[in-house]
Amino acid sequence: IVRKGVGSYELHNSTNEKINFFDTLLVKETAITCLKAKIDQWITSNAQHNIDSLKQSKPIATITVKTIKGEQHSLSLYKKYIINQISDTEKTVELNPDVMYGLLNNQELTLCQYFIFDPILLKLSDFIPKKELAKK
């Protein structure tokens with residue numbers, strides 16, 4: 001999503017090609033939601049160990065924002081797991097349904113809530129009206 005001016009947006013694909021037909025309301029709502037998205041918690045304890053581990057795995061998504069001043073920031077999101085101690089000898093590992101790790105600019109570790117980020121983690125096809133997709 002590229003903001004061209006007040007209330008004016010363009011939609012580009014991953015190779016930066018402009019998409020001509022898209023749901024303008026959804027694009028505007030998503031852009032506004034991005035501005036409101038906040039990181040839940042900054043992690044400082046044992047952060048470097050976790051950062052090194054996360055860099056070895058594939059992120060769920062990476063959100064890149066370029067400011068009007070030209071500064072670029074990225075937030076890579078990763079699944080977070082919970083280890084449940086069932087007994088002295090037994091543990092289970094489950095996906096945390098509430099939060100995920102975020103790696104800001106590839107160096108700062110955070111926790112991010114799915115509740116906040118799910119509305120902006122859309123596929124390109126989500127922005128394209130069904131009748132336009134049917135033409136392809």
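User: In what sense do strand 2 and strand 3 pair, and over how many bridges?
Analyst: Strand 2 and strand 3 pair in the antiparallel sense, over 2 bridges. Two strands pair if DSSP finds at least two bridges between them. Strands are DSSP runs of E with at least two residues, helices are runs of H or I with at least four, and both are numbered from the N terminus.

User: What should I know about the model itself?
Analyst: This is a predicted model, where local features need pLDDT of at least 70, side-chain atom pairs count only at pLDDT 80 or more, and totals for chains, interfaces and linings use all residues. Residues are numbered from 1 along each chain as its sequence is written, and side-chain values use heavy atoms, with hydrogens and water left out.

User: Back to that pair. Which residue stands opposite Leu 11?
Analyst: Ile 19, in strand 3.

User: What sheet is that part of, and what is the strand order?
Analyst: An open sheet of 3 strands, in the order 1-2-3, with antiparallel pairing. Strand 1 and strand 3 (18-19) stand at the edges with a single partner strand each, so one side of each has no neighbour in the sheet.

User: New topic. How do strand 7 and strand 8 pair?
Analyst: Antiparallel, over 5 bridges. Strand 7 covers residues 81-85 and strand 8 covers residues 91-95. A hairpin of 5 residues joins strand 7 to strand 8. Tyr 81 has Leu 95 as its bridge partner in strand 8.

User: Is Asn 96 buried or exposed?
Analyst: Asn 96 counts as buried, because its relative accessibility is 9%. Buried means under 20% relative accessible area, exposed over 50%, and partly exposed in between, with a 1.4 Å probe and protein chains only.

User: What does Asn 96 touch?
Analyst: Lys 80, Tyr 81, Ile 82 and Tyr 114, not counting residues up to four places away in sequence. Touching here means heavy atoms within 4.5 Å. A polar atom of the Asn 96 side chain also lies 3.2 Å from the backbone nitrogen of Val 99.

User: And where is Lys 58?
Analyst: In the loop between helix 2 (47-55) and strand 5. Lys 58 counts as exposed, because its relative accessibility is 75%. Lys 58 and Ser 76 are 18 residues apart in sequence, and their C-alpha atoms are 9.2 Å apart in space.

User: What is the volume of the largest pocket?
Analyst: About 1600 Å³. On a 1 Å grid over the protein atoms alone, a pocket is an open set of points with protein on both sides within 12 Å along at least five of seven lines, and lining residues have an atom within 4 Å of a point. Grid points are joined across faces, edges and corners, and the volume is the space filled by probe spheres set on them.

User: Which residues lie nearest its centre?
Analyst: Ile 1, Cys 34, Ile 63, Thr 64 and Val 65, out of 40 lining residues. Strand 5 gives the largest share, 6 residues.

User: One last thing. What is the phi of Asn 105?
Analyst: Positive, about 50°, although Asn 105 is not a glycine. Asn 106 has a positive phi too, about 65°. Most residues other than glycine have a negative phi. Asn 105 sits in the loop between strand 9 and strand 10 (108-113), and Asn 106 lies in the loop between strand 9 and strand 10 as well.

Methods
On a 1 Å grid over the protein atoms alone, a cavity is a set of points where a 1.4 Å probe fits but cannot get out, and a pocket is an open set with protein on both sides within 12 Å along at least five of seven lines; lining residues have an atom within 4 Å of a point. A polar contact is a pair of N or O atoms within 3.5 Å; within protein, one must be able to donate a hydrogen and the other to accept it, and residues adjacent in sequence count only if both atoms are side-chain atoms.
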